[in-house]
Amino acid sequence: MTEMTDMRTVYGETLIKIGEENPNVVVVGADTTDSLKTRPFGKKFPNRFFNIGIAEANLITIAAGLANEGKIPFASTYAVFLPGRCVDQIRNAIAYPSRNGQNGLNVKMVVSHGGLTVGADGGSHQQIEDIAIMRVIPNIKVLIPADAVAVEKLIRLISQVHGPFYMRMARSKTPLVHSREQEFEIGKGIILRDGSDCTIASCGITVKMALEAADSLKQEGISCKVIDLFSIKPIDASLIEKAARETGGIVTSEEHNILAGFGSAVSEVVSETYPVPMRRIGVRDQFGESARDSEISLLLQKHGITSIHIANAVKDIRSKTR
Amino acid sequence: MGLNYYHILKRVREARKLVIRGTTSAGSGHPGGSFSMAEMMGCMYYKYLRYDPKNPLWPDRDRLVLSKGHASPGLFSNLAVAGYFDKSEIESLRKFESILQGHPDYKCPGVEFCGGSLGLGLSFSIGIALAARIDDKKHHIYTIIGDGESDEGQVWEAAMAASKFKLDNITVFLDRNFIQQDDYTERVMPLDEELIGDDISEMWKNAARWKVGDKWRSFGWNVLEIDGHRIEQIVKAVNSALQTKGTPSIIVARTIKGKSVEHMEDNPKWHGVAPNPQFSPIIELEIDCQFLTAPSIIAGDMANLENEVKRAVHGRADFIHLDVMDGMFVPNKTFDHEKIRQLRPVTQIPFDGHLMINEPVKKVKNYVDAGCDIITVHAEVCDESSFGEIHDVLRSNEVSVGLAINPETELPSWAERFIPDLDQFIVMSVVPGKSGQKYIESTHEKTQKIAKFLAERKFEGLIEADGGVDLSNVESCFLDGARVFVGGSAIIEQKDVRGTIAEFRKRLMHARRKLLIHKAYSLGGTELVNKWIDLHEVGKKKLELLQIAKEAGFV
């Protein structure tokens, strides 16, 4: 049985640890601090914790002001509101201001409730456009970790690297895919399985699906390379090119609209470096709907985001290329 | 400490001219909103803000966040005057690879916020203010927001948050100029009461219509409402804001869009349009030709000078002119610094102290301490050394420096070296000593000569006409080169002080229009005169201009 972990809990715990080490770390929330698990940080560091209320535009711009003064603000709420509610503020107050070689202000936008797996709250609250929104804004780096190990390591990492980051977590508990010793580097993918017949590049909760797909394909004699491309921007272009050369085909998977999302980012690299056939697994440009926790697998299935869909995509590429 | 009135005024004027230079060179930009906030910017950069142009990111500096970023020329021009970069840089405004982008940008040293997308600046200021609180820093954050900008909901999110966090290290200026891009604010989205008709002066007249202060009050803010073009009101409001603890403050400043350039004033068209370069010299002259009235209270009831000050205040005087006579330098005696001290609490309007006394160097500090904002001493009783001493005492106390000469006196040669640094120069047009004398006609010629002489020697202050100035001669005094007008019996002796001052202003405005029409004619003949007149769309200005041009035979 795979160990399940809660990204948000790890996020909250990690914040306290880095908050102890670095007095410049501050946290801003928007009436979701309980849900985002940032409240314990506020208990521990009351003068470095600000609840702005249900006002995401204000939240993000206040965070920009804090960063302008040398603070390292972690601004957190649900993905549907951040970026959804405050693209202008992210663009103009955080990403745009640049001086002394530092591009963008040092705000860490860490959100939860990304993608369809929000579940019961329904389509209005299932953010499937955030990668697209955030990656087209210059200076913003975009991360989608696959599990709680990645969350812990990446939160620590982005607190140490200057610049605006957007990082999306999932609402529900997620299985561990990384070992606790795994090292992370911004802009570098992690090869989880090596293989020669096809590449599966994934992010977020779909990394686990990619591994399952690779396992089942292996039994059919198809050897897949599986890459966790948690760093969507900057993206690991050399790793993608190498994978294209070595395996001749790439399937991507994401819990996001396939338009302008993760798969698109990978295909941009592939088409400019070493074009090979690709398939993108993700939401096909439509909205989600409510699903209770027990039904989320059905919701994902309806949108074609399962290990089976990934495996079929691999087989599809292979059938068309020989 | 005085207001440092002329120190601010001169720089505001220079910054305004740089706005014209920049936007004209760029061919676009926003002069209107740059001018409505000009005096507030002046008070900020030349009185309140602590900063170091050589070290723009000095951590303890005060921050000025221009949230209404489209008024960037109004910011850049002041950064230039404050010494962040060379003034000639203003001509690169909005051009390729310039540090002066269309909206405020960190490319330009001294810019504290990349503004332009409206509604963000106050939230950003809150972030700065919270960081200062964490670090126990004492710097202050000033934020300028627009009235059109206040349509943005985020302004009100920020209003709530600043109040919640009790950010008394934030002071906001609301530049209430009643105009946004499309139209008058009250038509686009009312902040006060919906405007009926075209006359926005209606909004000004009736304070009962002003609601926006109440909005901020209801959000828990300390609200101060002022005329945003009057330096003394800005200063009083900022002082009050800085002393207010536990809540943020907002200064609701009623202003005029395009202030100081008549054809731009109150005309929504000048929100975001640059002037045509052929008009720049005329506009610059207009900016140089702002005028002030200074009623002299000794013309009134000497037994109740408090009341005379109040009448002048009610009359909307720019200065209160205080004729101090000691019975020695002049035969009469009026009052001394003790009286001025008693009068000081009556108003914030600048006290324009005219010391007709012997040995002013020995007594000038008393007048500083009594609350004078401008002190003028007589050349007849000074020499280079004593005037130098007076100058230093006044400067170090932020009191503006004036020098006066009697009708029979010529400008002494020792005074020449002080000319570039003088704030005010009085050419007496009566023999000083008593109120109610007749203007000495030869003063016109003398003033013209002196104006030219001073201009050639980099004089940046204003000439004050003092003695027998009345409605019949104030226009010619203006055309001589005077810009401050002392009215004794002609104002204070009149029953309706406000009406009389208004009439003075009307005559002065007429004289200024005449001067500008002549300037236009000298630059471009009838064609330019006609074009200049056509710019004046709002109100009845156009008719008067046309009349002036006809009388001069220009059209």
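Author: Two strands pair if DSSP finds at least two bridges between them; strands (E, at least two residues) and helices (H or I, at least four) are DSSP runs, numbered from the N terminus. The model is predicted, so local features need pLDDT of at least 70 and side-chain atom pairs pLDDT 80 or more, while totals for chains, interfaces and linings use all residues. Residues are numbered from 1 along each chain as its sequence is written, with chains lettered from A and ligands numbered from 1 in the order written.

Reader: What makes β8 and β9 of chain B a pair?

Author: Strand β8 (residues 351-356) and strand β9 (residues 374-378) of chain B share four bridges in the parallel sense, and the definition asks for at least two. They therefore count as paired. One bridge partner of this kind is I375(B) in β9(B), which faces G353(B).

Reader: Why are β6 and β7 of chain B called edge strands?

Author: The open sheet of eight strands has the order β6-β13-β12-β11-β10-β9-β8-β7 (chain B), with parallel pairing. Strands β6 (292-295) and β7 (320-325) of chain B each pair on one side only.

Reader: How do you know that helix α14 of chain B touches β8 and β9?

Author: Contact requires C-beta atoms, placed from the backbone, within 7 Å. Helix α14 (residues 360-370) of chain B packs on the sheet, touching both strands. Its direction makes about 165 degrees with that of β9(B); axes are lines fitted to C-alpha atoms, for helices over the stretch in contact, and angles run from 0 to 180 degrees between N-to-C directions.

Technical notes: Contact = placed C-beta atoms within 7 Å.
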